[in-house]
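Colleague: I would like to learn how to read a model like this one from its residues and its helix packing. Could we go through it feature by feature, with the general idea and then the case at hand?

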Amino acid sequence: MDKALRAYATVLRLIRRLPKDTRPYYAKYARENFVNYREVDANDASSLDELFHRTYNHSIWVLNKYKVEESAADKLKDICCG
């Protein structure tokens with residue numbers, strides 16, 4: 001749970017780097033996704049790893065879409081893939 005909260009907080013910080021008019025959409029999208037997956041079994045390591053990798057990969061995709069430096073997600077990479 002702690003890892004998920006750290007990932008969510010980091011995603012919200014990354015959203016602040018996006019253009020102002022896109023932030024509400026991505027903030028809502030991130031919240032909905034984290035809420036939808038909160039029922040995942042905490043003991044199922046493979047499912048959790050997959051979700052964290054998807055979190056990171058999707059975040060990188062969005063950052064690249066808006067030409068935000070990919071290195072901004074280094075902390076998220078450490079949380080999700082490290």
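Colleague: Where is Ser 59 found, and is Ser 59 buried or exposed?

Modeller: This is a predicted model, and in it Ser 59 is found in helix α3, which covers residues 45-65. A residue counts as buried when its relative accessible area is under 20%, and because the value for Ser 59 is 12%, Ser 59 is buried.

Colleague: What does the side chain of Ser 59 reach, and which residues does Ser 59 touch beyond its neighbours in sequence?

Modeller: The side chain of Ser 59 reaches the backbone oxygen of Thr 55 at 2.8 Å. Leaving aside residues up to four places away in sequence, Ser 59 touches Val 11, Leu 14 and Leu 76.

Colleague: That brings me to the packing of helices. How is a pair of packed helices described?

Modeller: Two packed helices are described by the angle between their axes together with the distance between those axes. For α1 and α3, the axes come within 11 Å and cross at roughly 5°. Angles under 35 degrees count as roughly parallel, and α1 and α3 are therefore roughly parallel to each other.

Colleague: Which residues make the contact between α1 and α3?

Modeller: From α1 the contact takes Lys 3, Ala 4, Ala 7, Val 11 and Leu 14, and from α3 it takes Asp 49, Phe 52, Thr 55, Ser 59 and Leu 63. Sorted by class, the contact of α1 with α3 has six nonpolar, two polar and two charged residues.

Colleague: At what angle do α1 and α2 pack, and are they roughly parallel or antiparallel?

Modeller: Helix α2 spans residues 23-36, and it packs with α1 at an angle of about 170°, the two axes being 10 Å apart. Angles over 145 degrees count as roughly antiparallel, so α1 and α2 are roughly antiparallel to each other. On the α1 side the contact is made by Ala 4, Ala 7, Tyr 8, Val 11 and Ile 15, and on the α2 side by Arg 23, Tyr 26, Ala 27, Ala 30, Arg 31 and Phe 34. The residues of this contact of α1 with α2 divide into nine nonpolar, no polar and two charged.

Colleague: How do the axes of α1 and α4 cross, and is the crossing left-handed or right-handed?

Modeller: The axes of α1, residues 2-15, and α4, residues 74-81, come within 10 Å and cross at roughly 160°. Helices α1 and α4 are therefore roughly antiparallel to each other, and their crossing is left-handed. In α1, the residues Lys 3, Arg 6, Ala 7, Thr 10, Val 11, Arg 13 and Leu 14 meet Lys 75, Leu 76, Ile 79 and Cys 80 in α4. By class, the residues of the contact of α1 with α4 divide into six nonpolar, one polar and four charged.

Colleague: Thr 10 is among the α1 residues in that contact. Does Thr 10 count as buried or exposed?

Modeller: Thr 10 has its place in helix α1, and at 5% relative accessibility it counts as buried. Setting aside residues up to four places away in sequence, Thr 10 touches Lys 75, Leu 76 and Ile 79.

Colleague: How does Ser 71 count at 40% relative accessibility, and how far apart are Ser 71 and Leu 18 in space?

Modeller: Ser 71 also has its place in the loop between α3 and α4, and at 40% relative accessibility Ser 71 counts as partly exposed. Ser 71 and Leu 18 are 53 residues apart in sequence, and their C-alpha atoms are 14 Å apart in space.

Colleague: And what separation do the C-alpha atoms of Ala 45 and His 58 have?

Modeller: Ala 45 lies in helix α3 and counts as partly exposed at 48% relative accessibility. The C-alpha atoms of Ala 45 and His 58, which are 13 residues apart along the chain, are separated by 20 Å.

Key:
Residues numbered from 1 in each chain as written. Predicted model: local features only at pLDDT ≥ 70, side-chain atom pairs only at ≥ 80, totals over all residues. Heavy atoms only, no water. Axes fitted to C-alpha atoms, helices over the stretch in contact; angles between N-to-C directions. Helix = DSSP H or I, 4+ residues; strand = E, 2+ residues; numbered from the N terminus. Parallel < 35°, antiparallel > 145°, perpendicular 65-115°, else oblique. Left-handed = near helix turned anticlockwise from the far one by under 90°. Contact = heavy atoms within 4.5 Å. Nonpolar A, V, L, I, M, F, W, Y, C, P; charged D, E, K, R; others polar. Buried < 20%, exposed > 50% of the residue type's maximum accessible area, 1.4 Å probe, protein only. Polar contact = N/O pair within 3.5 Å; in protein donor to acceptor, adjacent residues only side chain to side chain.
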